[in-house]
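Subject: Structure for your review

Dear colleague,

Please find below the structure that I am handing over to you. I would be grateful if you could read the notes that follow it alongside the coordinates.

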Amino acid sequence: MESMAIISSKQPEPDDRQDGEARGDRKRRKPPSEENSMPKNSAPRNLAVPASAMASSVMPKDGDLLQSAARPDEVGKPEESLRPKRLADYIGQKDLKEVLEIAIKAAQKRSETLDHLLLYGPPGLGKTTMALILAEEMQVNCRVTTAPALERPRDIAGLLVGMQTGDILFIDEIHRLPMVTEEILYAAMEDFRLDITIGKGQSAKTRSLDLQRFTLVGATTKVGALTSPLRDRFGLVQRLRFYDLDELTPIVLRTAEILSTAITPEGAAEIARRARGTPRIANRLLRRVRDYVEVKLEGAIITGTIAAEALERFNVDPCGLDWTDRRMLTVMIESFGGRPVGLDTLAAITGEDAQTIEEVYEPYLMQIGYLQRTPRGRIATPAAWKHLGYQPPDNQLVLLGG
Ligand SMILES: Nc1ncnc2c1ncn2[C@@H]1O[C@H](COP(=O)(O)OP(=O)(O)O)[C@@H](O)[C@H]1O
Ligand SMILES: [Mg+2]
């Protein structure tokens, strides 16, 4: 679902976008105040990267559930239509919103561009959404790309020279930037200068171009994997938290309204409770419940009971754990008897790659206190034992200091 494309200013934005996240130039903007000193032929201005080349490998496992039942009106943009467009509509993340509100107001007051911003946190919490909102609030264009698509220096160079004053460049999965690209970003972020090497070996020449002042918004699920020179160049580094029940419930109600689905507050709360603190999952579960109700119950209103019954069918338990979570925890309990288990072992057991386990599954299990990372491996906590119907061993309580 997370594939992206870059839409350049020269290309019309297709109506029926394949990707859910790209956004082209379609904004009024402040007139560019500075002379653009960029030579016209230095790098391709138009850049189109096939979405397939950018497919993200970090993806919630139940992503395929989502794709199976998209409706005609949602095909190709299941998420786009649900994204809040303005800061005021962005529910939750109070601290983040406060910081960004101040940054936006200050930048506007001084007619400056926003500081470079790094957003980090597990998938589906609203990083991409926030980047698009910033562009909307600042009335600038947002170019969306993802780090693995910036393989060659000319990929990033093409994007950078196309930026106009104040524009936002959103790079998703920024921890996966190739080193050559990252090094180009250093000067671009700090001095708004593009240093490119032309030719190879002895005849190689370095050229330097001035860039317009732009704002880089980076998103990552793995902030620890960023190099410090890159991290240090962000003026703002913000973490997104998992959402509380009273934040996710209004998100479900809002989505239900957009989808014209009848739901009671209890129904919304039941879906929110099982959504792992994650808006993307909440929206996905709502769609599944909506399908269930339409097919099995002839479009009845979604109540708490109905939502619970439908989600049971989809193997989402009352804590939001799915098959992979339960399999991981069960093996940790049954086969390892509470001893630490290595990440690679968990990957082998569940058939997920280690990165997905680390970035998608574990953060939530740790958040709800079901899993701990120790230097020797992962441990299922007594709460996890109880949730799955096991009696935790006494010595583990000692081990965990519980
Ligand atoms: N604060 C929020 N309020 C309402 N909906 C949200 C919020 N954050 C995320 N969403 C919904 O969740 C979906 C996933 O958000 P996204 O920004 O793509 O997450 P990320 O980029 O962090 O993986 C979006 O389509 C949006 O509908
Ligand atoms: Mg995203």
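Predicted model: local features only at pLDDT ≥ 70, side-chain atom pairs only at ≥ 80, totals over all residues.

Ligand surroundings

Ligand 1 has 19 residues around it, and those that come nearest are I91, G124, K127, T128 and T129. For K127, a backbone N or O atom lies 2.8 Å from an oxygen atom of ligand 1. For L125, a backbone N or O atom is placed 3.3 Å from an oxygen atom of the ligand. T128 takes part through its side chain, with a polar atom 2.8 Å from an oxygen atom of ligand 1.

Helices α2 and α3

K127, T128 and T129, listed above among the residues nearest the ligand, fall within helix α3, which spans residues 127–138. This helix packs against helix α2 (residues 94–109) at an angle of about 30°, and the two axes are 11 Å apart. Since angles under 35 degrees count as roughly parallel, α2 is therefore roughly parallel to α3. The crossing of α2 past α3 is right-handed. On the α2 side the contact is made by L96, K97, L100, I104, A107 and Q108, and on the α3 side by M130, L134, E137 and M138. By class, this contact has seven nonpolar residues, one polar residue and two charged residues.

Helices α4 and α5

Helix α4 (residues 153–161) and helix α5 (residues 179–191) have axes that come within 8 Å and cross at roughly 30°. The two helices are therefore roughly parallel to each other, and α4 passes α5 in a right-handed crossing. P153, I156 and L160 of α4 make the contact with V180, T181, I184, L185 and A188 of α5.

Helices α12 and α13

How are the axes of α12 and α13 arranged where they cross? The axes of helix α12 (residues 343–350) and helix α13 (residues 354–367) come within 9 Å and cross at roughly 90°, and the helices are therefore roughly perpendicular to each other. From α12, the residues L343, D344, L346, A347 and T350 meet A354, I357, E358 and E362 of α13. This contact divides into five nonpolar, one polar and three charged residues.

Yours sincerely

Methods
Residues numbered from 1 in each chain as written. Chains lettered and ligands numbered in written order. Heavy atoms only, no water. Axes fitted to C-alpha atoms, helices over the stretch in contact; angles between N-to-C directions. Helix = DSSP H or I, 4+ residues; strand = E, 2+ residues; numbered from the N terminus. Parallel < 35°, antiparallel > 145°, perpendicular 65-115°, else oblique. Left-handed = near helix turned anticlockwise from the far one by under 90°. Contact = heavy atoms within 4.5 Å. Near = heavy atom within 4 Å. Polar contact = N/O pair within 3.5 Å; in protein donor to acceptor, adjacent residues only side chain to side chain. Nonpolar A, V, L, I, M, F, W, Y, C, P; charged D, E, K, R; others polar.
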